[in-house]
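Visitor: Could you take me on a close look at the aromatic rings in this one? I'd like to know what they pair with and where they sit.

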Amino acid sequence: MKFIKDITDFIFLDDKPEVSDVILVPGNTWPQPARRAAGLYRDGMAPLIIVSGRFSKGLAAFPGPACDRERYYGHYMTEADFLSDVLAQEGVPAQAVWQDREAAFTLENAQNIRQILEEREYPVQRAIICCQAFHARRSRMYFEYVFQDREVEFLVCPAETQGISRENWMETQEGLDTVLGELKRCGEQFGWMLKK
């Protein structure tokens with residue numbers, strides 16, 4: 001059905017990685033986006049990774065990794081701490097990782113990362129975003145919105161999490177709820193952006 005393909009193509013972005021100035025990992029509780037970022041770092045795609053995230057709005061504390069708890073068992077105060085540990089276990093040196101430990105949602109990830117880059121006077125012309133696959137469109141949307149007055153190209157190089165991919169999202173209720181929820185939020189939040 002064409003409308004399924006249209007939704008899939010809209011939500012599930014997957015750009016070919018190119019050499020960039022920085023790799024960005026928005027906050028989440030899954031290790032796969034940080035692992036993807038580490039792989040791109042090892043491939044020489046960027047010299048720096050910025051991880052961003054406290055814990056989701058509405059939570060009182062970081063709930064811990066969503067999977068692989070036997071591997072990621074540290075006492076993590078924030079998503080950024082967890083993602084930094086994933087990167088460290090993947091061989092990324094600490095000096096190549098910057099953290100934002102305050103953001104509670106995607107817009108704040110983008111805003112705080114921009115603030116860090118500006119405070120440290122780190123110029124960016126191209127950035128790679130490593131996020132959850134179904135979160136690709138909204139991630140790019142927010143980063144483009146926050147950096148709209150800059151000439152920054154954003155490439156989205158996501159990772160599959162929760163067993164939800166562009167090939168299978170319509171096959172389970174969880175996949176349908178997740179992807180259609182993203183589609184709804186894109187519409188609601190894009191409308192809000194246009195009013196600003």
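Guide: Here's a walk through the ring pairs, and then the charges over rings. Bear in mind that this is a predicted model, where local features need pLDDT of at least 70, side-chain atom pairs count only at pLDDT 80 or more, and totals for chains, interfaces and linings use all residues. Residues are numbered from 1 along each chain as its sequence is written, and side-chain values use heavy atoms, leaving out hydrogens and water.

Searching the whole structure turns up seven aromatic pairs. To pair, rings of Phe, Tyr and Trp (its six-membered ring) need centres within 6.5 Å; planes under 30 degrees apart are stacked, over 60 edge-to-face, and the rest tilted. Take tyrosine 72 and phenylalanine 82: their planes sit at 85 degrees with centres 5.6 Å apart, so they're edge-to-face. Tyrosine 72 is in the loop between strand 2 (49–52) and helix 3 (79–89), while phenylalanine 82 is in helix 3, so the pair ties together parts 10 residues apart in sequence. (Helices are DSSP runs of H or I, at least four residues, and strands runs of E, at least two, numbered from the N terminus.) Both tyrosine 72 and phenylalanine 82 are buried, where buried means under 20% relative accessible area, exposed over 50%, and partly exposed in between, with a 1.4 Å probe and protein chains only. Ring pairs also join Phe62, Tyr72, Tyr76 and Phe82 into a cluster.

As for charges, one counts as over a ring if NZ of Lys or CZ of Arg is within 6 Å of the ring centre and within 35 degrees of the ring normal. Lysine 57 sits over the face of phenylalanine 105, 4.8 Å from the ring centre, and arginine 114 over that of phenylalanine 147, at 5.6 Å.
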